[in-house]
Amino acid sequence: MQIIDITLINQPDSIASYNTDGSANDVTAATINGDLYAFISDYSSGLDIVDISLPSDPLLIGSINMAGGFVNTCCIDANNEVAYIGYGTGIVHVFDISALPNEPNILSTINLGGGGSVNGLYVSGSYLYIAGGEAGLEIVNILNPSNPQVLSVFNTTGNASDVAVNTNYAYVADSFNGMLILNVTDPSA
């Protein structure tokens, strides 16, 4: 992971790096309990949690490495202090991260219907949107993260590799099928 100062947009400056044990392929940052953390999806080495409150001195505070395969992506719901960790085997592990820097606690597991790989995650309100590779887009009610409920699955033509949501629309990167724009006003349909 590289930490780059972009104060001068035309002159980005690398100020620090953190070497993971695996193959870092995704990173997201969130403030939990007043400290800024980077959550690094480190493929076969799990998820690294790095304190970046002092950007010039990143500090590993812990890792999550559970059965379920390779960590492809992670999404943090900072408001509710919950981490959603997506695996290449179609599993999403849900963790309570409210006690950081102490160890996170697992709340639940979501199994992607129809197989596929969890390639992208996005939280909007009380819904988790999962870009599930060959399985398409899955929408899960996460009002209670300890008991997530799958609401719907939209089987895309391509391979859903990422998702972003804005208001009533989900934007799905769908490999050779391009980008799909789906109306998610009613997430159950």
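Guide: Two strands pair if DSSP finds at least two bridges between them. The model discussed here is predicted.

Visitor: What makes β11 and β12 a pair?

Guide: Five bridges join β11 to β12, residues 127-131, and the two strands run antiparallel. The cut-off is at least two bridges, so the two strands count as paired.

Visitor: Which order do the strands of the open sheet have?

Guide: The order is β11-β12-β13-β14, four strands with antiparallel pairing.

Visitor: Why are β11 and β14 called edge strands?

Guide: β11 (120-124) and β14 (149-154) each have a single partner strand, so one side of each lacks a neighbour in the sheet. On average, neighbouring strands here are turned by 20 degrees against each other, direction ignored.

Visitor: Why is H93 called buried?

Guide: H93, in strand β9 (residues 91-96), has 6% relative accessibility. Buried means under 20%, so H93 counts as buried. Leaving out residues up to four places away in sequence, H93 touches M66, A67, A83, Y84, I85, Y87, I106, S108 and T109.

Visitor: What makes the pair of side chains H93 and T109 a polar contact?

Guide: The distance is 3.1 Å, and the cut-off is within 3.5 Å.

Visitor: How do you know whether D51 is buried or exposed?

Guide: D51 lies in strand β5 (residues 47-51). The relative accessibility of D51 is 18%, and the limit is under 20%, so D51 counts as buried. A polar atom of the D51 side chain lies 2.8 Å from the backbone nitrogen of S53. Beyond four places in sequence, the contacts of D51 include D35, Y37 and I61.

Terms used. Residues are numbered from 1 along each chain as its sequence is written. This is a predicted model: local features need pLDDT of at least 70, side-chain atom pairs count only at pLDDT 80 or more; totals for chains, interfaces and linings use all residues. Side-chain values use heavy atoms; hydrogens and water are left out. Axes are lines fitted to C-alpha atoms, for helices over the stretch in contact, and angles run from 0 to 180 degrees between N-to-C directions. Buried means under 20% relative accessible area, exposed over 50%, partly exposed in between (1.4 Å probe, protein chains only). A polar contact is a pair of N or O atoms within 3.5 Å; within protein, one must be able to donate a hydrogen and the other to accept it, and residues adjacent in sequence count only if both atoms are side-chain atoms. Contact means heavy atoms within 4.5 Å.
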